[in-house]
Amino acid sequence: MKNRRLSRKSRARNYFKQQKMWLVWLGLGLLAAVFIFCSFRIGHYVGGYLASRQVSEEMQGVNREAQSTPVPQAVTPEETPSGDDAVSTAMPFGTVAPQYGGKSMLPVVQYPLNKYAHVSERFRKLQQQNKDIIGWLNIEGVIDEAVVQRDNEYYLRRDYKGYHNQNGAIFLDENCQLKTRPYALILYGHNMKSGAMFGFMRHYQTLGFYQNHPFVTFDTAYEDGKYVIFAVGTVSTKAYDRDYLDLAKLSASTVSWRREEIQTLHTKSIYTNTIDVQPDDQVLLLMTCVSDETERQVIAARRIRDDETENELMERVQRVRKKAY
């Protein structure tokens, strides 16, 4: 009897040992699977980043070569037309149009040195790489990238040559028409942790970074442009939310609508700013996702006026302070 009880205990111990070993091997298998999955994801992420950087560097080389090409003489504007086209071409940029239908409207603005919206020689060369390239974004020491335009989905997961890449590309909002000078230019890019695309935007939440990089260059296929940043903040894409930024109103030519949305940008900015923005100023927005799907981080800049200098604007930027909440 005693031997039989020992045998039963021995079998029980062996059974539990086997179960324990099975659990150990199961755990090791799960850890191995997690390791392989994470390695794959990291490899995919790094590979996508490197591929994106390679394409970006290739495009930068094309852009440098294209910029070195002698620029042809500017087109001399013709005489002011009469009739139906008089309002859209005779009024200079920065002039508020008369009242139409009881609303104050801004005029359609032709490009001052490119009235018929001819594609520049520089962008003809860039478009040989990809016909969707319509702009170039540069912040010295921060970003130097091509900008494409098609619809608002295509370049979310494609690079500048159309190859699939999780980094995507920087693209201009599909609703922004460039045949005349738009009052609002809206650019989108992924908020990559690697810093690629619009991953740099988080650094603008630091006052010193903003003060060291307040100027943005955005050239389109039809004209060059230099902008100064006046707001950095987070806005909502959800209508009727108190933080909602209505991009359609910001892009419209109705003075009251533009004034309202420009004020929203000032209000939602984390900085107090003395750089004024008027309804007839051209505004450039850089927008990227944050953790909340209905929110977007935004950097807003306005076109530098003809009577302003960068030194003067830099002095004003140095007086910017972070808001106390």
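Is Cys176 buried or exposed? Cys176 is buried, with a relative accessible area of 8%; here buried means under 20% relative accessible area, exposed over 50%, and partly exposed in between, using a 1.4 Å probe and protein chains only. Cys289, by comparison, is partly exposed at 39%.

Before going further, please note that this is a predicted model, in which local features need pLDDT of at least 70 and side-chain atom pairs count only at pLDDT 80 or more, while totals for chains, interfaces and linings use all residues. Residues are numbered from 1 along each chain as its sequence is written, and side-chain values use heavy atoms, with hydrogens and water left out.

Let us stay with the cysteines for a moment. A disulfide is a pair of cysteine sulfur atoms within 2.5 Å, and by this rule the model has 0 disulfides.

Now to the inside of the protein. A nonpolar core is a set of buried Ala, Val, Leu, Ile, Met, Phe, Trp, Tyr and Cys residues joined through side-chain atoms within 4.5 Å. The largest one has 71 residues, and Leu137, Leu187, Leu285 and Leu286 have the most contacts inside it. Strand β8 (residues 226–236) gives the largest share of this core, 7 residues.

Next come the strands. Helices (H or I, at least four residues) and strands (E, at least two) are DSSP runs, numbered from the N terminus, and two strands pair if DSSP finds at least two bridges between them. Strand β11 (residues 295–303) is mostly covered, with 7 of its 9 residues buried.

| Strand pair | Sense | Bridges | Example of facing residues |
|---|---|---|---|
| β8 and β11 | antiparallel | 9 bridges | Ala231 and Ala300 |
| β10 and β11 | antiparallel | 7 bridges | Leu284 and Ala301 |

A hairpin of 5 residues links β10 to β11.

Finally, look at helix α7 (residues 310–317), whose buried residues are Leu313, Arg316 and Val317. Seen down the helix axis, these fall within an arc of 100°, so they line one face of α7; the arc is that of the directions from the axis to the C-beta atoms. An α-helix has 3.6 residues a turn, so residues three or four places apart point the same way. The face turned away from the buried side carries the exposed Asn311 and Glu315. The buried residues of α7 pack against α4 (207–212), β7 (215–220), β8 and β11.

Notes:
Contact = heavy atoms within 4.5 Å.
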